[in-house]
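Biologist: I'm new to this model and would like a friendly walk through its charged pairs. Could you take one residue closely and then show me what surrounds that theme?

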Amino acid sequence: MSQGPRSGLNAVSSALLAMSRQLEVRDVLKTIVASARELLDAEYAALGVPDDHGGFAQFVVDGVSDEQWRAIGPLPRQHGILASMLHKAEPERLGDVREDPRFEGWPSAHPEMSDFLGLPIRYGEETLGALFLANKQCPKPTGGCGFTADDEELLSLLAQHAAIALNNARLYERSRELTIAEERSRLAHELHDAVSQKLFSLRLTAQAAAALVDRDPSRAKGELQQVAVLAAEAADELRAAVVELRPAALDEDGLVATLRTHTQVLDRAHSAEVTFDSCGVRALPAAQEEAMLRVAQEALHNALRHSGAARVDVTLIRRGAGAVLRVSDDGSGFDPRGVRRAGRHLGLVSMRDRAGGVGGRLTVESEPGKGTTIEMEVPGG
């Protein structure tokens, strides 16, 4: 095996344990990439998950800064050596990837890479992704590859376990999505039955009051009082249903994981890049977590549907006992004062109400042509 700083059975065991602890697909991908790069002492590592249209649904890198990654541009397509790794089971080990006839160049901001080791991650007959490393950080024999046959064997072992971890994460996410869908379907039926009955009674009582108002005002008054009672009961039913519709993922996974999953779904569904990052956030009171999730959803909807943004960044950080949510986009922006004067609130009133309702505050920074940042802070418990 490679004799790098994290070589040996302990290093392999640590990498496998790290992968097995993750349940979100994105977290598993990041753990695989980071583990492979550290294990084989490479300067760069990446893992691409193919979509059905000749591109990559997800592409995770390690060793490249956020600034570099943004400068590189759109995700790569399935061509050249990447395509080769997705369509064959054998590893690729090259002394200089730039000299391979399949090499088709890089974007101008792409870091220089020479020696290369890559292989597909396969689960049964399905190729889940392509994993590759570049620039082994050790003295290289003249004209030889920095990566060795032992490195190739180690990466193949890691990839086999990575396939299991990645498949388990996909199954977990699908199972959770089905559970949430089933729960919402159940609540929809209950809501329909309960509220429909109340509204039907309300309608009949109001009709009776209208028929009695001229010939028997006293009885009409009694019927109108019953209308008020039924209306209050219907409102209580609706409030109870709304409380029960608190996202199941919040109770099961917490705010950080729920926001991460939500942004990942939006990132796949929209042309804009949607990112999420968090730091040090503790569990918050349930009402505050739900309010933060709803504000994030509203802000993301505005950014993706109305601003023309190419990138939307969601961050959640700890502040004292509470937390701060920030949703920033590079879209068209707007004049918040002009929006208020025109009577178009873009959901700002609703977001402020949600923040204020849990003891928090909401601030909006925007101007035409300079994007928008919406920040919500809650005090914690």
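Is R311 buried or exposed, and what is its relative accessible area?

Modeller: R311 is buried, with a relative accessible area of 16%. Here buried means under 20% relative accessible area, exposed means over 50%, and partly exposed is in between, using a 1.4 Å probe and protein chains only. Before going on, please note that this is a predicted model, where local features need pLDDT of at least 70 and side-chain atom pairs count only at pLDDT 80 or more, while totals for chains, interfaces and linings use all residues. Residues are numbered from 1 along each chain as its sequence is written, and side-chain values use heavy atoms, leaving out hydrogens and water.

The side chain of R311 meets that of D313 in a salt bridge, at 2.9 Å from N to O. A salt bridge here is a side-chain nitrogen of Lys or Arg within 4 Å of a carboxyl oxygen of Asp or Glu. D313 is partly exposed, at 24% relative accessible area.

The structure holds 17 salt bridges. One of them pairs R37 with D62, whose closest N and O atoms are 2.9 Å apart. This pair links distant parts of the chain, 25 residues apart: R37 is in helix α2 (residues 25–39) and D62 in strand β2 (residues 56–62). Helices (H or I, at least four residues) and strands (E, at least two) are DSSP runs, numbered from the N terminus. Both partners are partly exposed, R37 with a relative accessible area of 26% and D62 with 22%.

Another pair is E112 and R98, with 3.0 Å between the closest N and O atoms. R98 counts as partly exposed, at 37% relative accessibility.

For buried residues in another setting, turn to helix α10 (residues 348–357), where L348, M351 and A355 are buried. Seen down the axis of α10, these residues fall within an arc of 65°, so they line one face of the helix; the arc is that of the directions from the helix axis to the C-beta atoms. On the other side of α10, D353 and G357 are exposed. After α10 comes G359, whose phi is positive, near 80°.
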